[in-house]
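Here is a short report on a structure with more than one part. Look over the sequence and the model before you read on.

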Amino acid sequence: MEAAGKKEPVLKVQNLGIQFGGLKAVDSFNMEIGESELIGLIGPNGAGKTTVFNLITGVYKPTEGSFYLNGHRMNGKKTHQIVDAGIARTFQNIRLFKKMSVIDNVKTAMESKLSYGLFHAVFRTPVYWKEEKALTERAKELLKIVHLSGKEDYEAGNLPYGQQRRLEIARALATDMKLLLLDEPAAGMNPTETEELLEIIHFIRNEFKISVLLIEHDMSLVMKICERILVLDFGTTIAIGTPKEIANDTRVIEAYLGKDDEEVESDAKSE
Amino acid sequence: MERRVKISYVINLLGVLAVFLLFVLLFESRIFGAATQYIKGICTTACYTIIMVASLNLVVGCMGEFSLGHAGFVSVGAYASAIVSGALTGKGLPDLALFLIALLAGGIAAGITGVLVGIPALRLRGDYLAIVTVAFAEIIRVCFCNFSITGGGKTMSGILKLSDFYWCYWIMAACVAVMYLYIRSRFGRTVKAIREDYIAASAAGINVTYYKVLTFTVAAFFAGVGGGIYAHYMTAMIPTNFNFMYSAELLSEVIIGGIGSLTGSIIGAAFLSSLPEMMRQFSQYRMLAYSVVLIIVMIFKPGGIFGNWEFSLVRILHRAEKKGHEKAEGGVQPWKQLERKSRY
């Protein structure tokens, strides 16, 4: 795999793997993500894409291998420590704080940036007001980026689907991460919403200089925006390369569509 | 914005003061005649029950976990404060100072117990946590039945009667205010996020266990303070007072008042703690009537009397003011009514 420039990669994954009982969900997974690189992670259902996300964010403890963020070893750390170090994610099935306001959803993710303690909170000292005010302003800025200005006081669960997805991105942004993991951000979106999402992803990447790892089933989207694509099948990496290389890779086509040539052709048409 | 907040504090303080003056007026004018002392007693009972119920609401409403062992913390606070006030009597302290020190000691003792219980127990969620809290409260009760310092299963009596209604009222107001400010700060926001979705919360960089234990401890602290008032009101207590039924009673008061609403807890606790007394005329059917009230409320208001809605004096005044404006401008614009905004 080509390393991204001379600089140290933002994320470096070495032989990462996890075993559930007798099943190897992910097996010797290797990957490097350079600064502000946008990488796609694709594969058929059950290939282990979300498991990779769960491993990198500390939800699962890897049974083998290790991964590094900016050269710091991350395995064994708890999710919130990994988030503090700079990896944030969104979820395949949206996980917002549904009964809280939109702005509180974002503010919650900035919790670790606050320093006031119980005393300041209870006595509402100037420190409290200053920090909360700064927090509100920052949250509003982030909501503007994901085109949710003016919705600050809405209950998050009442937002339309596309906006909920964008709010989740804003919440991830609020953690001040270096690497953003997006788990099927365009799932269930209509073409216009997907287009808007694409814009946002591009904007975020250029504005914050962050790297993005994207799981997506919408192939046209993946092909359009990803610089490199990594294909998983049954927990193993079967191909890495540019979108063009991936589109012509026989193993990838096999994994997605099966081996029979006639079937491949007919399925390709319906796609 | 800051100005508006300051004004709202003043309004709330005036509201609390007005209620206090109302009580003073009622009691000092001797409207109830011979029953004054008795009614004052009921009001004191309501005060400490409000503190206990509001603190339980931090766990149940704000954190979304069922704790069935709140009486355990109450008993730790009650015994600790009774022991401290017993040790400090005759040291020349004024009654109020002695009372406050005893309550603080009770709160701190209960808070420490909260940390010790919370760290192992809060790894669990839902039904499992509920069972662990029941077990914990039983352990405390059994301990108090065997320690000699707590009377060893016999009644611990001779505690100073320090719980005066007027003091208790202000202590209650202060406790509820602190809990309210806790909920409306980063801590409450975080804990609510954990309640909504703990996986997403940890993915947002929140140390879930830390905030859960912290909130549990704050709740235990105030339960302890409530217990302290209880001890200095009853002047005698026995560990079996704090059995499972007492925890269940507190929990039912939270649910009746409204899960997640502190003002609901105040109304629920005040209502339910005085209900058995109000129903004395039904004599032996008292507890039956009490149960019937519970059932009726649950059928017609499943979310509790207040739901998760908070009573706000400021909002009512604001609305009245707005209505005045709108009348001057000519009616409410229909789209303004349609706008549905979050309550949080």
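Two residues are in contact if their C-beta atoms, placed from the backbone, lie within 7 Å. This is a predicted model: local features need pLDDT of at least 70, side-chain atom pairs count only at pLDDT 80 or more, and totals for chains, interfaces and linings use all residues. Residues are numbered from 1 along each chain as its sequence is written, with chains lettered from A and ligands numbered from 1 in the order in which they are written.

**Chain B**

Among contacts in chain B between residues at least 6 apart in sequence, 81% join residues at least 24 apart. Chain B has 14 helices and zero strands. Helices (H or I, at least four residues) and strands (E, at least two) are DSSP runs, numbered from the N terminus. The radius of gyration of chain B, taken over C-alpha atoms, is 21 Å. Buried residues make up 43% of chain B. A residue is buried if 20 or more other C-beta atoms lie within 10 Å of its own, exposed if 12 or fewer, and partly exposed in between; C-beta atoms are placed from the backbone.

**The core**

A nonpolar core is a set of buried Ala, Val, Leu, Ile, Met, Phe, Trp, Tyr and Cys residues joined through C-beta atoms within 7 Å. The largest one has 168 residues. Helix α9 (residues 208-234) of chain B gives the largest share, 16 residues. A:Ala170 is among the residues with the most contacts inside this core. Beyond its neighbours within four places in sequence, A:Ala170 touches residues including A:Val106 and A:Leu148.

**The sheet in chain A**

Four strands of chain A form an open antiparallel sheet, in the order β2-β1-β4-β5. Two strands pair if DSSP finds at least two bridges between them. β2 (23-33) and β5 (72-73) of chain A are the edge strands, each pairing on one side only. Two bridges join β4 (residues 64-69) of chain A to β5(A). One partner pair is A:Leu69 and A:His72.

**Where the chains meet**

In all, 31 residues of chain A are in contact with 25 residues of chain B. On the chain A side, α2(A) gives the most, with four residues. The table sorts that side by class.

| Class | Members | Count on the chain A side |
|---|---|---|
| Nonpolar | Ala, Val, Leu, Ile, Met, Phe, Trp, Tyr, Cys, Pro | 11 residues |
| Polar | the others, Gly among them | eight residues |

Methods: Rg over C-alpha atoms; globule rule 2.2 N^0.38 Å.
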